[in-house]
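Subject: Predicted two-chain model and notes on its interface

Dear colleague,

Please find the structure below, handed over for your use. My notes on the contact between the chains come after it.

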Amino acid sequence: MIAINLNGEIKTFSKIPSVWTDENGTHFNIKEGFGFKDVVTPTYDSRIEELSAIKLVDNVYTYDVIDRVIVQTLAELKTQKISNLKSIIGSQLQKTDWFVIRQMDSGEVAPQEVIDSRANLRTQSNTIGTEIKALTTKKAVLTYDLPTFNLQ
Amino acid sequence: MAKQTIGIGTVANDGNGDPLRTAFTKANENFTEVYADGFTSYARIADEFKTSAALTTEVDFATAQVFTKTLTAAATLTFANTGIGMVKDLVISGDFALTLPSGTTVAGVYDGTVSNLIQIVVTGATEYWYSISKSI
């Protein structure tokens, strides 16, 4: 990405335009110069951070990484995160629900590995839920990565 | 019809000129041809509309119709003797930046790897439209 300062306003482009007109004329086939400078985008965690307005630093355009304003309360964030966890666990349990339903209907016992996997999922859910509840900052909740499951 | 020249003798009143009626008949026939449709032909067009010239940095609209240049470095071209309605053609090649006087509207993309035909249409005192075609 590149950018140029036009009368005080910094305008960004994915690449140098094929045609560019300024006070000196209409320019074709430009590859660099003419006021265009590279844009360096710093890495940031979009869950808790965002980019400031673009600015020129050391001959490149770049951004400051600033904290994102988080409007939800800590409790709301925890509730949301735990809800996401339950949704993930629920979708995993759903894959083997039919074993349990069949056992209730016909008495055919579900395989032990299925029973164990489901129990393990619930244990993990409880453990993770406890960890989330113990978090003390909004950032910690937002950056808490829920595990991925792949129960067949 | 070839142009008919009125005979005027060698010196005044030498009796060798065309009679008056003959002279004006030639004049009328010449004008009849000039005013007839189709009189203007490519051969009668001025050189500035049918010649090609190598460019340095100035595109002089009064000198040629087609201007050619191979860029060996970034180049800035200027225009001279432009007039509203004039259309000129630049055949430019070379993978370098090319700057022309500010154009109000531009179509096409210059490609430094091929030959480019840049057509300039003068639409105002300092208003130009550029369109670019490329060889394939």
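The model is predicted, so local features need pLDDT of at least 70 and side-chain atom pairs count only at pLDDT 80 or more, while totals for chains, interfaces and linings use all residues. Residues are numbered from 1 along each chain as its sequence is written, chains are lettered from A and ligands numbered from 1 in the order in which they are written, and side-chain values use heavy atoms, with hydrogens and water left out.

Chain A

Chain A contains four helices and nine strands; helices are DSSP runs of H or I with at least four residues, strands are runs of E with at least two, and both are numbered from the N terminus. Read from the N terminus, the order of elements is β-β-β-β-β-β-β-β-β-α-α-α-α. The radius of gyration of chain A is 27 Å, whereas a compact globule of 152 residues would have one near 15 Å. This radius is taken over C-alpha atoms, and the globule rule is 2.2 Å times the number of residues to the power 0.38. Along the principal axes, the C-alpha atoms of chain A fill a box of roughly 85 × 35 × 20 Å.

The interface

Chain A contributes 13 residues to the contact and chain B contributes 17 residues, where contact means heavy atoms within 4.5 Å. About 1000 Å² is buried between the two chains, 57% of it on carbon and sulfur atoms; buried area is the accessible area (1.4 Å probe) that two parts lose on being put together, summed over both. On the side of chain A, the residues that lose the most area to chain B are A:Thr26, A:Phe28 and A:Asn29, which together account for 58% of what that side buries.

Between the chains there are eight residue pairs in polar contact, both residues at pLDDT 80 or more. A polar contact is a pair of N or O atoms within 3.5 Å; within protein, one must be able to donate a hydrogen and the other to accept it, and residues adjacent in sequence count only if both atoms are side-chain atoms. Two elements of chain A, β3 (19–22) and β4 (25–28), each give two or more residues to the side that touches chain B. The largest share, four residues, comes from β4(A).

The criterion is a side-chain nitrogen of Lys or Arg within 4 Å of a carboxyl oxygen of Asp or Glu. The side chains of B:Asp95 and A:Lys31 form such a bridge, at 3.0 Å from N to O. B:Asp95 lies in the loop between β6 (87–93) and β7 of chain B, and A:Lys31 in the loop between β4 and β5 (37–40) of chain A, so the pair joins two chains.

Strands are taken as paired if DSSP finds at least two bridges between them. β3(A) and β4(A) form a hairpin with two residues between them, and they pair in the antiparallel sense over four bridges. Within this pair, A:Trp20 stands opposite A:His27. A:Thr26 is opposite B:Leu100, and A:His27 has B:Thr99 as its bridge partner in β7(B).

The open sheet has four strands in the order β3(A)-β4(A)-β7(B)-β4(B), with mixed pairing. β3 of chain A and β4 (75–76) of chain B stand at the edges with a single partner strand each, so one side of each is left without a neighbour in the sheet.

Yours sincerely
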